[in-house]
Amino acid sequence: MTSHRRRKALFHGFGRRLAAPALLAALAMASAPAGAQDAQTRPAARALPFVNPVFGDNMVMQRGKPNTIWGWSQPGDTVHVTIGKSTAQARAGKDGRWQVRLLPPDAPGPWTVRISGRSHSVELKNVLVGDVWIGGGQSNMALPLKFARNGDTEVRAADAPDIRYFSVSGHAAYHHTDIIEGTWKVVSPDTADSLSAVGYYFARNLQSETHAPIGLVIDAVGGTPAESWTSARSLAPLKDFDAELAELKRLADSGAPEYGNFVMHWYDRYDIGLKDRWKDADFDDSNWKTVTIPGGFADLGVPDTPAVAWFRKDISLPDPLPAGTASIALGSIERMDTVYINGTLAGSSAWVENPRLYAIPAGALKPGRNIIAVRVLKTKPVGGFLNKPEDLYITLGDGAKIALAGAWKGRLSVDARPPQPLPMAYENWPVMPSVLYEGMLAPIAPLAMKGVIWYQGEQNSDRGYQYRKILPVMIKDWRTLFQQGDVPFYVVSLPAFQTHQTTPTDDGWADLRESQALTVASVPNTCLAVAIDTGEADNIHPKDKKPVGDRLAACALAGAYGRHVVASGPTLTSVDRLPNALRLHFSHTDGGLVAKGGVPGEFSVAGEDGQWAWADARIDGDTVVVSSPSVAHPLTVRYAWQSNPVATLFNGAGFPAAPFRTDSARLVTQKPGE
């Protein structure tokens, strides 16, 4: 990716390590929908279940409102549902779907829900009645508690029987789908390790304050944009995704595999190496050209142009193989790669950012002869393998390294110079518009719930300005889908990330944070949980998830529960021009304005020429006065306006101010005409 295409959640990078391989592998396996990892055919149709899997043992039902419960039976079958003294019945339609609505008891339980039809009978046991929240977004919502700060300690202490969670299994769909997978789990030291860290801290805080059972439905996939979670019907009026939606419809109508991305379909169409199984250990590559890795593309006649090439290497390993997990390191690769060992998929740029380091699946390596096959899609003149020879190796379980640089066999699969078309997009995880809405959200609606917490935006950061159009549409779309009015929808403002810039700059992450703030300011029953102080420069999965969950809980307590609690940091209300300075007035200064570290930062000011300069800032009551020796007559001001700012302005209650600006200059992600 280019410097402006930020590392989005799981799967792609900048040529630096952003998270541990164990974390990346766990997130990829936990949330990557079917088809995201390698070529697959569309899954075969399955029998529809008598009861939708989102209803099960240990679940939480939403208190205080009718709950919709549904499933499938024989057409015409009458299905009865009972919990306590509440009962309802419905007749299955021509498609076999039955659906009832009933009000659960006031008491939290536990209860047993009895569901019976002509030929099926199910009891859902240990069911509680409380509040259900959906946790949506990408990998920072999905990130398991065990990978958060003090994760092992938190998991061991997570004895919370009144908190339950259901993780929606990843699935990208090109058509409406009814089936999802997952099971409800009671939070305990045995189950909390895989629970969303943000979700856990949010639920723990709410449960402590409200004493009501809390159910979390985690619906999140790493690396995914907001448009993937929005219906095609709602996206169409924006006109921003016409080409993508048209291609999606073409693929859906053709019965193509439901990868959820464009590049896998491009491989299926053009990559002869995929068709002819160049990955297989027994494939005969004797007539392939000998090439040198790193490199290889020049040897194949495409040194400076887009291309797909396959490279194979024969290595010998000791007998017996050392015990322990082995890994393969390939350095940084531009743009995409897929790695097979003896025909077994061992790694993909859908799993790990640069530099590529893949944990080798157990059993893939064997004593003696092994065949490594690597497919690389190069898009830049300086592309393919980018590192030095010593950065390419296999590490065995005992730490011994097997060098991989040097002679390989290579063959060109796709010469992608014009007129050969290139993929519409290069991500090989679900990024197509609407595919997660159809595959992971619509199948659980209209589940009764209290509200939504949303942690996403990294994947949209290179289109940060556009996000102010997408996010409001998505929120409305979800509310329409769940048919429960304007349910609370609480948004995490992106944390700090990347290298701190020492001069004032424009930045896609700053653009996106502004879009998040503008959405919350204009859409009713929303709240912004500012996380600017929780980030890490070199880790897009920052470990400090407790403040995020706690601030989302504050939003809920103040909004959904009507408690008199602080839920916001200082918020700019007006600006006064002074002779050589600006005075900024703030609301939500509960406990007074505070500069963590002693100095308010990071402010910049500009005059009539629009040239930004760092400003000196001082707190004066509930105001901040900013000035700069470089700007005699400042007109506009920005605060924390970059991907990784020094953001030290808080209120006395410990809530940070959100980044903001008072100018209306064109943003770096704003397209002509926007």
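## A disulfide and a pocket

Cys527 and Cys555 form a disulfide (a pair of cysteine sulfur atoms within 2.5 Å), with their sulfur atoms 2.0 Å apart. This is a predicted model: local features need pLDDT of at least 70, side-chain atom pairs count only at pLDDT 80 or more, and totals for chains, interfaces and linings use all residues. Residues are numbered from 1 along each chain as its sequence is written, and side-chain values use heavy atoms, with hydrogens and water left out.

By that rule, the disulfide count comes to one. Its link is left-handed, at -60° about the S-S bond. The pair ties together distant parts of the chain, 28 residues apart. Both Cys527 and Cys555 are buried, meaning under 20% relative accessible area with a 1.4 Å probe, protein chains only.

| Cysteine | Element |
|---|---|
| Cys527 | strand E25 |
| Cys555 | helix H12 (residues 546–558) |

Helices (H or I, at least four residues) and strands (E, at least two) are DSSP runs, numbered from the N terminus.

Now for the largest pocket, which holds about 560 Å³ of space. Ala517, Leu528, Ser568, Thr571 and Ala658 are the closest to its centre among the 25 residues that line the pocket. A pocket here is an open set of points on a 1 Å grid over the protein atoms alone, where a 1.4 Å probe fits, with protein on both sides within 12 Å along at least five of seven lines; lining residues have an atom within 4 Å of a point. Helix H11 (508–522) gives the largest share of the lining, five residues.

Note on methods. Grid points are joined across faces, edges and corners, and a volume is the space filled by probe spheres set on the points. Buried means under 20% relative accessible area, exposed over 50%, partly exposed in between (1.4 Å probe, protein chains only).
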